[in-house]
Amino acid sequence: MRRNAPQLVAGFYPFWFWNSRITAGEVRWQIAQMAAQGIKGFYIHPRQGLELPYLSDAFMDMVQVALDEAERHGMTVHLYDEYPYPSGVAGGEVILGQPQFLATRLVQRSWDLSPGPVRLVLPRGKVLFCRAYPLENGQVDWEREVDLLTKVGVILSEESYVETGLTAYNRKRYFASAPAPVLEATLEGGPYRLFVAVQALVEEHKYWGGFVDVLNPEAAQEFIRLTHERYNARFGDKFGKQIVSIFLDETEPGWSSRLPQAFLEEYGYDLIPLLPALVDPSHPHHVKVAKDLHRLQYKLFLAAFEGPISRWCEERGLLYAAEKPSLRFAQLAYSHLPGCEPGHTKAGAEMDLLGPALRSNARAAASAAYFYEKPAALCECYHSLGWSGTLQDAKLIAEGLLLMGVTWLVPHGFFYSTHALKKHDAPPSFFFQMPYWPLFGHLSRRVDAIAQRFDGSFIDAEVIVVDPTAGLPRREDLEAYQRLLHLLMQVRVDFLIGDTDVLQAGKIEKNPGGTAELKIRDLSVKLVILPPMQVMEEELAAWLDDFQAAGGAVLRLDAAFDPEDTRSRILEVARPHLALTVVSGDEKWLYTVTRKKGGRRLW
């Protein structure tokens with residue numbers, strides 16, 4: 001059972017980049033600087049440039065100094081679970097000398113081949129699939145195939161010459177290295193399209209070379225043991241008190257050697273012969289295989305990685321904060337502080353608050369916090385605005401996020417040091433290095449005032465938009481989804497975003513006139529909008545049919561929906577929350593929202 005955490009207060013909780021030799025005096029001074037400008041707390045973010053050995057006693061001693069100084073200023077402390085990111089590898093320690101935890105990736109290639117002899121050097125790794133299919137008028141004939149896997153062998157591909165002293169008679173030696181799979185075969189008939197799939201080690205990660213297989217439960221437990229348990233051993237008595245949350249960043253599932261067997265057990269058919277279906281839309285099973293793999297990755301990731309970490313935090317009084325790609329909206333329920341990362345646009349540019357992906361959509365994070373009854377939604381904002389980023393940029397982004405329903409603002413970042421190359425780590429630093437830092441307190445107070453005004457209120461939405469992520473949307477589908485969200489903002493109809501489980505959690509109530517509404521928490525939802533997607537799960541389809549049968553309004557859109565027609569159809573059911581006349585400027589970028597508090601509307 002989770003202990004009672006401190007009351008969460010809206011405001012700034014920056015990533016404090018520990019990117020140098022950390023000293024006690026500097027830690028105390030920088031915390032005092034933050035406190036003086038209204039910063040409520042901070043995430044200790046071990047970052048490239050850190051000179052203290054990560055998670056060593058010396059590192060933990062500096063964490064203790066930060067805790068003591070933050071307590072003196074009435075600030076909360078928050079942990080970041082990696083060095084530097086994405087989460088899962090404990091600064092590289094999980095995979096050091098432990099190859100069983102290494103991540104792999106699926107590499108797929110195709111070649112169009114003429115009849116006759118073929119010799120191809122394939123991508124390095126374990127060859128899972130190598131088959132050729134006849135081409136008829138440029139189209140693949142999927143019914144006929146030639147399995148060429150036995151035609152693949154290994155060649156030592158790089159030659160070298162050295163002079164050694166092996167014996168007194170000969171010093172010249174010839175060697176070969178770098179094993180690579182090579183296909184050598186002769187194709188009859190033709191032409192053909194050859195498909196090859198290789199399981200390769202992840203060897204080019206920007207920080208550690210390799211990475212960790214996050215679908216391996218043992219690897220996830222090793223990550224928890226090396227990271228979370230170390231913090232718990234030293235500071236567990238402060239969890240849920242002064243140490244409020246721990247942040248997980250960017251981790252998402254990819255390929256794993258566990259997938260083929262798990263796929264067979266889950267669906268009863270073999271994934272390996274159907275790997276081309278993942279990359280070629282002309283394959284007759286393209287959508288089915290992609291859908292099944294997507295759902296399996298989701299299930300395995302929750303079981304192996306996200307679920308255990310979420311429970312570990314819950315049991316120890318920590319809030320689990322996360323900002324990462326999600327495979328569906330419902331995944332955000334696992335985080336106590338569901339996160340996103342828009343807020344990268346400067347004043348005068350189109351704001352990026354309603355991105356098509358879950359992690360780029362502030363309203364999606366706010367919707368998850370509302371529907372799953374979380375304390376707040378967070379945003380990792382200000383990333384890569386450059387050293388020209390200003391306090392005005394920060395103000396506009398902060399106000400936009402608050403309007404979308406995000407109240408936990410995590411600036412990326414506050415740099416401990418900007419010496420030498422450190423200044424180029426996705427700047428700017430919105431900290432003491434900037435000439436406007438003495439004025440940052442004005443922005444803190446501005447955020448406080450807005451957040452206090454809206455505290456305890458909710459977005460009075462009459463519309464729920466189904467997040468399309470679980471439906472394998474194509475690029476054109478996601479572009480249409482984003483256009484829809486902007487259209488709803490333009491017609492001033494309040495909306496939230498949800499998933500199948502959100503709809504199922506509500507109660508359908510019929511009205512006397514033959515219409516129906518969805519009652520969920522404080523909302524009376526009159527319209528559910530289904531954006532375009534490739535597949536729709538059976539549970540969602542059944543719910544939508546039930547809602548319509550009861551008299552509820554469902555608007556199903558395709559990627560080419562007409563905006564004017566869609567506007568009219570929305571306004572037939574839902575009402576604008578505000579009537580405005582814009583006398584100058586572009587009305588479509590004037591964002592507004594209606595919130596309710598104690599039966600009273602707030603604008």
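Is Ala420 buried or exposed in this structure? The model is a predicted one, and in it Ala420 is exposed, because its relative accessible area is 56%, above the 50% cut-off for that class. Ala420 lies in the loop between strand S17 and helix H9, the latter spanning residues 440-454. The phi angle of Ala420 is near 55°, which is a positive value in a residue other than glycine.

Ala426 is found in the loop between S17 and H9 as well. Although Ala426 is not a glycine, its phi is positive, at about 50°. Ala426 counts as buried, because its relative accessibility is 16% and the cut-off for buried residues is under 20%. Most residues other than glycine have a negative phi, and most peptide bonds are trans.

Cis peptide bonds were also examined. One joins Tyr83 and Pro84, with an omega of about -10°. Pro84 is found in the loop that runs between strand S4 (76-80) and strand S5 (104-113). Another cis bond leads from His412 to Gly413, where omega is near 0°. Gly413 is part of strand S17, which covers residues 408-415.

Across the whole structure, a search finds 39 aromatic pairs. Among them is the pair of Trp387 and Phe415, which is edge-to-face, with 6.0 Å from centre to centre and 65° between the planes. Trp387 lies in the loop between strand S16 (378-381) and helix H8 (391-404), while Phe415 lies in strand S17, so this pair ties together parts that are 28 residues apart in sequence. Trp387 counts as partly exposed, at 34% relative accessibility, whereas Phe415 is buried, with a relative accessible area of 0%.

The rings of Phe431 and Trp437 form an edge-to-face pair too, with 5.1 Å from centre to centre and 90° between the planes. Both Phe431 and Trp437 are buried. These two residues belong to one aromatic cluster, together with Phe12, Trp29, Phe414, Phe432 and Phe440.

Arginine side chains were found over aromatic rings as well. Arg47 lies over the face of Phe17, at 4.2 Å from the ring centre. Arg483 is placed over the face of Phe561, and here the value is 5.3 Å from the ring centre.

Conventions. Residues numbered from 1 in each chain as written. Predicted model: local features only at pLDDT ≥ 70, side-chain atom pairs only at ≥ 80, totals over all residues. Heavy atoms only, no water. Helix = DSSP H or I, 4+ residues; strand = E, 2+ residues; numbered from the N terminus. Buried < 20%, exposed > 50% of the residue type's maximum accessible area, 1.4 Å probe, protein only. Phe/Tyr/Trp six-rings, centres within 6.5 Å; stacked < 30°, edge-to-face > 60°. Lys NZ or Arg CZ within 6 Å of the ring centre and 35° of its normal.
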